[in-house]
Structure formats: structure tokens, C-alpha cells
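This report concerns the salt bridges of one protein model. The sequence and structure are shown first, and the description follows.

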Amino acid sequence: MHKMHGRWCWSGLWPLLVLLLLPSSIAIADRPATRNGTESHRTAVRSSSNVCRSRQFWQTFPLVDTCPPAILPLRGTVYILYDVNISEGFNLRRDVYIRLAVFVRRLRRRKRFRNVRLVLPPFPRLYHWHSHHLKQSDVGWGHFFDLDSLRRYAPILDYSEFLAEYRQFGMPAPPYVHISQVFRLMHYEIMLEQGIFRDKYERVAPKLDDNSCNEYSTAGGPLLSQSLLRYGQYHCVHFQGSAGLLERLLREAIAEDTAGAEDIDDMRVYAILSSETVLHDHWGDEHFWKARRSMRFSKYLSQVASDFLRYAFDTTDSTAGVQRPAMWEMERPKRDALGGDFICAHLRRGDFVRSREATTPTLKSAAQQIKQLLRAFNASTVFLSTDATPYDLVQMRSMFQGFRFVHFQPESNLQRQKLKDGGVAIVDQLVCSYARYFIGTYESTFTYRIYEEREILGFSKSSTFNTICKVVGGNCPRNAVWPIVWDDDGDNDTPY
């Protein structure tokens, strides 16, 4: 079992001296594994750990005195890496982040986790990112979000920041990140016990012929395929419950990885795959909304959306009457935002046309409902956010004769390369967030994120929580209404 040792930090000529004096077994650990989780790598990890646990050699050196000052505050750091099922989309991943951000914010109050870090996984090429000519794999969260804003809520690191911080430990080995234990979460086959849902988890043996938990599969997330990651133990875990249950799982792992008092505060690295299995500790309350409010988009994406709003609709924060202070902590309850002089509709197509045929309208039906709204609000402009094909988009435009039909497209190939498909979608969401009236798609997470953004900006619920029906004038299921919740006493949690 591999353990990460916080005392591994060196300066000057110490690495040369160590390499000369270490037993030959350390050479095994220096050989890069051909694949994560191979038996040869595990043997190397164990050999390295055994050498490093030997106290009689290491105690002869005043290691604390040789550590760079930046390393000393990292004593006892616990890095939590995570990933999400490879098939999940961008907007569900944002919701999973909130679950874990709320968890680690509270976890950091515990003594052993005072230096916990949540490491944000690089985005793989997602199912909805169709522009194959663009580089859209291993995209950092900093491309889409303002990391400083996220950090003011929870102790997070983008993946590249994690690698940089990890390298500061200067371990005498190749620059690999050694994950002590990996936990692949799975749902229980039977979730209720005598009709009662209970929080619980259970480790089970992995099976190579079981796709639900195969350490060589990327189904739980492609995190382990990152070239610099190596791991020791891989666990399949039936998991049922909220994020707070993860604390028990992590405490068990730390206890297993601790040999004694001499390494009780060593740095640890763990990974949680299929983290969408974890439920919210605080869904829809002030803790959820604080985390959500901290998810400001990157300055570049916000500027592109702001420029487009001003150019296409002559709309600014001031004319729309929304609140957008420099820091999310300065936001206050608000319900009188006016919005720009346009209506926004989010029309989900793609796989919804087949998988949700019972609730997804045809192009003609959607156009008729949107035109009814335009007449009702005496508006002449509609902004359409959609993943429809170019052919369907042309058809939709032809149905709005006599109205102004607007759809965002990057102004140049260079801007498209910089935005990427995910950035284009975020610009769409921001534009819809500023509309006088918004109507979205039933059960679409893209629509849900726009609802949330408009709640933060200060719009009325009636202008926000609206759903396009399957047919005109028919009774149809509507998306749930969950208004924003504010902390009456202000943001009085301990800041991180």
C-alpha cells in the first residue's frame, strides 16, 4: 500500500546524496508504469513506500529545515481528486461540483482536513461538443470559470494548479502523482431497505468482466488516464447517500495509510470516480446557493457575452436592471430586474428528440409558442439558444417572418477556437439570463442553469421558470420552481 510522505522535500544537493545511498530497490519505483494499476507499478509503489517508511535512514537528516517555506504550510494536506461518468454533460458536472464544494468547505473545519484541497478534473471531450476540429480535451476549469471566485467559497485547485503544487514536494522519483487509493462509486442494486432509504457504503471486489466497476474502463471518468497519475489500490464501492458520507470513507482510508505517529500528518492523495453518485448535503438551501453564486464565469467568456448583449440588443447591466457586483459575496436579495428588450428560448434538440419524444416539441410547435410570447409581450426580438442542426436552425429562422431572430455565432474562427463549444454554450446561457422573459426545455440541465443565473441576477420567478410544451395550448409537465435562498445573516461562514 502506497503512502505519500510529507517529509519528502529536498533542496540543494540532497537528491544526489539520497540517490547514491538508497537501496537498489528504489530503482524499481523510478520506472514509469506502462498503465495505471499494473501489478509491476504496484510492486514499485510498495517498494518505494517500504524504503521511505524506514526511520533509521531518514531520521539522520533534519528534513524540516531543508523544506522550502512554501511547503511547510502544506503539512497534512489531503488532495481529493474526483471525476464524473464519461457520458455526463457539462451542466450536470457543474451540479456535481456544487455537491463536493459544499462538502469540502465544511470538511475543512475538521482538524485532520484543515488543509483539504478539492482538485477539479480536466474536462474530456464531451458528448455535446461536436466541433471535432477544435482541441476540446483536457480543458481546465479556468477556461470556463473564474477560479478566484470559486476559491473564495471552497479550497479548490484546477488540475494544472494541483500538479504545480504537488511538484513542490520535490520527491526523489519521476514527477508522477501517486494516488494512494481510488474509489469507484456505484449505486446499490436495491436502494430501499424495508421501504427506507439509508445512507451507507460498502467496498466490493472489482470484477474485470463487470463494466460497472472495471479499473481499466473510463466509464467512471477518464481521470486515471492522465499521463502523470499512478495509483495504488482500486476499490469498487457501493455508495448511497449524501456527500457527508465521504468523510467516513476518507477517514478509513487515512487510517489504513497511516503506519504510526510519525506519518499521521503526511500528505495524502485520493480519487473518487463516478462522483455523480453522491447526493447533495444541502440541496436548494443557502449553502447550495452560495456555492452556485461563486461559480462566476471566466472574465473572457463574460466579456464576450457582454459585448454581444450590447451589440445585438443594446443591453447592459444598467439597462437590464440586474445585479452583478464585482464579488458574488456582495449580492443581495432582488426581484425587480427588467432584462433586455428581447425574449430568450432554449430549445433542446439532439438526443432529446429521440429519448424524450413525449415532452420534446417539434420545431413548428416550439416556434408557435415563442411567437405567442412575442405578441403577448409586444416584443419583436427572440434569441434562440439551441443545439439544433444547421438545417433545423435555417428552418426555425424561416418560421419567424416579421420578427427579429437572433442566434449567437462566434465572429471569427479564431474566436471559436478560443471559446470552444463549451464557451459558446456559456455565452448562450449568459445572454438568456439577461432576457426580459425566458422559456426553456423540460428536464434540461442547460435550462436549469439559466434558471439559477436569472435567480441570482434578480428576475421575477414568473419571467424565469417557464417551459416549452410538447404541443400548443396543451397541458404539459413543467420544470420545478426552486427560488434562490439567501442567508439572512449574510455570508457568515468561515471563509476559505
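## Salt bridges in the model

The structure holds 25 salt bridges, a salt bridge being a side-chain nitrogen of Lys or Arg within 4 Å of a carboxyl oxygen of Asp or Glu. This is a predicted model: local features need pLDDT of at least 70, side-chain atom pairs count only at pLDDT 80 or more, and totals for chains, interfaces and linings use all residues. Residues are numbered from 1 along each chain as its sequence is written, and side-chain values use heavy atoms, with hydrogens and water left out.

## Pairs within one helix

Helices (H or I, at least four residues) are DSSP runs, numbered from the N terminus. In helix α7 (residues 147-151), arginine 151 and aspartate 148 are 3 residues apart, about one helical turn. Their side chains meet in a salt bridge (3.7 Å, N to O).

Helix α9 (residues 246-256) holds arginine 251 and glutamate 247, which are 4 residues apart. Their salt bridge has an N to O distance of 3.0 Å. Arginine 251 is partly exposed at 37% relative accessibility, whereas glutamate 247 is buried at 15%; buried means under 20% relative accessible area, exposed over 50%, and partly exposed in between (1.4 Å probe, protein chains only).

## A pair between helices

Glutamate 453 and arginine 292 form a salt bridge (2.8 Å, N to O) between their side chains. Glutamate 453 lies in helix α17 (residues 445-457) and arginine 292 in helix α10 (residues 286-293), so this pair ties together parts 161 residues apart in sequence. Both residues, glutamate 453 and arginine 292, are buried.

A network of salt bridges links Arg292, Arg324, Arg449, Glu452 and Glu453.

Conventions:
Helices (H or I, at least four residues) and strands (E, at least two) are DSSP runs, numbered from the N terminus.
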